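Q: I would like to learn how to read a structure. Please take me through one, feature by feature.

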Amino acid sequence: MTLQWTAFGVTAFFALLRVPGVIRGENRGIFAALVLMALAVALGIPFFYLSLDALLGGVNITNLVIRYSLFAIFLILGLKLAAAFNSPRARWLIGGPVGLSVLAAAVAAAAVLFVISDLPESSTALEAYRGQNTVLAYSDVGRVYTAYVAACLAPALSAYAADSRRRWDIRLSAGLISLGMAAVVIHSLLSVALWGLERGAWDFLLNYGAVIVVALGLTIMWNSRRVAKKNPELGSLATVLGSR
């Protein structure tokens, strides 16, 4: 629970840091991703989840909100980061026909599996219904798209972080985000390998650890953009991250 609250506090704080820029029309895409990250993390906490779900009928619609928020987060981040770190291949894999097909399939499958599952009462993370195969499949389908985007980004970000010709702060940013994306992929693989079994500490550590390091990496990028206003040598990174 402590890690969840920490992840929520970090994402909410970093989102608030961007508000002045958003008012000026800057950073709106990354800001939206951070806000959605904070929302998704908050709704993983029983107090917030149960409160919202009660307003939505008490039948776990909130979980579907979380799922679709994650899809939106990874689509936004995928396109922005692929462009910022100069990876047209990753951008095509995410925003091209293949990536959009994976997204559409995940959205549709999540909706179908949610509807056919028996979820009569609110349960944070659907823990009370893990005995249902449809619920397990619903959770795994939700991870397919996020793992796909993370797998597309991680190699490009790792290569950027390893490039000694780049600024140290941008390399650090790329390295942190790459680490977070790798954690998303590992978490998805473990979830499939241990399908239906009891989750261990790795479930929380990988999930919320990834959120924290990605949010930190995005904030370092934001600071690099501020420096780039005074030092145009950062070029495309400043342009991409400053765009709407």
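Q: How many helices and strands does the secondary structure of the chain come to?

A: Helices (H or I, at least four residues) and strands (E, at least two) are DSSP runs, numbered from the N terminus. Here there are eleven helices and zero strands. A word on the source: this is a predicted model, in which local features need pLDDT of at least 70 and side-chain atom pairs count only at pLDDT 80 or more, while totals for chains, interfaces and linings use all residues. Residues are numbered from 1 along each chain as its sequence is written, and side-chain values use heavy atoms, with hydrogens and water left out.

Q: What does the radius of gyration say about the chain?

A: The radius is taken over C-alpha atoms, and the globule rule is 2.2 Å times the number of residues to the power 0.38. For 244 residues the rule gives a value near 18 Å, and the chain has 18 Å, so it agrees with a compact globule.

Q: What share of the residues count as buried?

A: Buried means under 20% relative accessible area, exposed over 50%, and partly exposed in between (1.4 Å probe, protein chains only). In this chain, 50% of the 244 residues count as buried.

Q: Which residues touch the most other members of the largest nonpolar core?

A: A nonpolar core is a set of buried Ala, Val, Leu, Ile, Met, Phe, Trp, Tyr and Cys residues joined through side-chain atoms within 4.5 Å. The largest one has 61 residues, and L77, L81, F85 and L218 touch the most other members. Helix 8 gives the most to this core, with 13 residues.

Q: Which residues does L81 touch, not counting those up to four places away in sequence?

A: Contact means heavy atoms within 4.5 Å. By that rule L81 touches L153, I177, M181, L218 and M221.

Q: Is T11 buried or exposed?

A: T11 counts as buried because its relative accessibility is 0%. This residue is found in helix 1 (residues 2-17). Leaving aside neighbours within four places in sequence, T11 is in contact with L34, M37, A38, V211 and A215.
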